Amino acid sequence: MSPLARRALLACSRPRPTFLAQRRAASSSSHDQHEAHQHHEEDSTAYPPETFGSPFWRNVVLASLATAALFKFAPYADDDVYLTRWIAMYMPSRDYWLRLNAQYTAIHKDMSEDTVLVNSAHAPNGLRFSYPQSLTQASAFLNGVGMNVDMKGVVPK
């Protein structure tokens, strides 16, 4: 490497002295250089305008007007209107529901009586031995004073 090229390389690699007056880290002009390097793509999506004239709000207004008209012009509940007669035609009769409820009540009454019977049951008071001869096999020498038991009246079942 020639001395001239070496000197040029060293001159380029040395930091240049900066004066205190030239340092403007927080100023807006120091950011201008960085903004030139940032390339953001612009959003090219076309969004519909967000106004109250959109189809959603049109449908809300129409539904509210239809509801208001329905309540204003609907017949009273005591009138014999077509819709009431049509629903009554396809509904089961009152006697059908009474009979069905009576059957349901009778079934549950039987079930509750069975539940009371099972819950009120208790074991018998008597105690049955599966091997009654065990009563006579006790040792005469292991009884305490006054513990002699007369077994003459015991009858095994």
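This is a predicted model: local features need pLDDT of at least 70, side-chain atom pairs count only at pLDDT 80 or more; totals for chains, interfaces and linings use all residues.
**The whole chain**

The chain contains five helices and zero strands, and reading along the sequence gives the pattern α-α-α-α-α. Next, switch to a surface view. Of the 157 residues, 1% count as buried.

Now display the aromatic side chains; the structure holds four aromatic pairs. Select Phe 52 and Trp 57, whose rings form an edge-to-face pair, with 5.3 Å from centre to centre and 65° between the planes. The two partners may then be examined for accessibility. Phe 52 is exposed, at a relative accessible area of 68%, while Trp 57 is partly exposed, at 36%.

Which geometry do the rings of Trp 86 and Tyr 90 adopt? Select both residues and view the rings along one of their planes. The ring centres of Trp 86 and Tyr 90 are 5.5 Å apart and the planes stand at 70°, so this pair is edge-to-face; the angle needed for that class is over 60 degrees. Colour helix 4, residues 82–90, to see the setting: Trp 86 and Tyr 90 both lie in this helix, four residues apart, about one turn of the helix. Trp 86 has a relative accessibility of 41% and counts as partly exposed. Tyr 90, by contrast, is exposed, with a relative accessible area of 59%, because the exposed class begins over 50%.

**The salt bridge in helix 5**

Finally, move to helix 5, residues 94–120, and select Lys 109 and Glu 113. Side chains of opposite charge can pair when their charged atoms come close. The structure holds one salt bridge, and Lys 109 forms it with Glu 113, the closest N and O atoms being 2.9 Å apart. How far apart are Lys 109 and Glu 113 in helix 5? They are four residues apart, so about one helical turn separates them. With the surface shown again, inspect both partners. Lys 109 counts as partly exposed at 48% relative accessibility, and Glu 113 is likewise partly exposed, with a relative accessible area of 43%.

Conventions
Residues are numbered from 1 along each chain as its sequence is written. Side-chain values use heavy atoms; hydrogens and water are left out. Rings of Phe, Tyr and Trp (its six-membered ring) pair if their centres lie within 6.5 Å; planes under 30 degrees apart count as stacked, over 60 as edge-to-face and the rest as tilted. Buried means under 20% relative accessible area, exposed over 50%, partly exposed in between (1.4 Å probe, protein chains only). Helices (H or I, at least four residues) and strands (E, at least two) are DSSP runs, numbered from the N terminus. A salt bridge is a side-chain nitrogen of Lys or Arg within 4 Å of a carboxyl oxygen of Asp or Glu.
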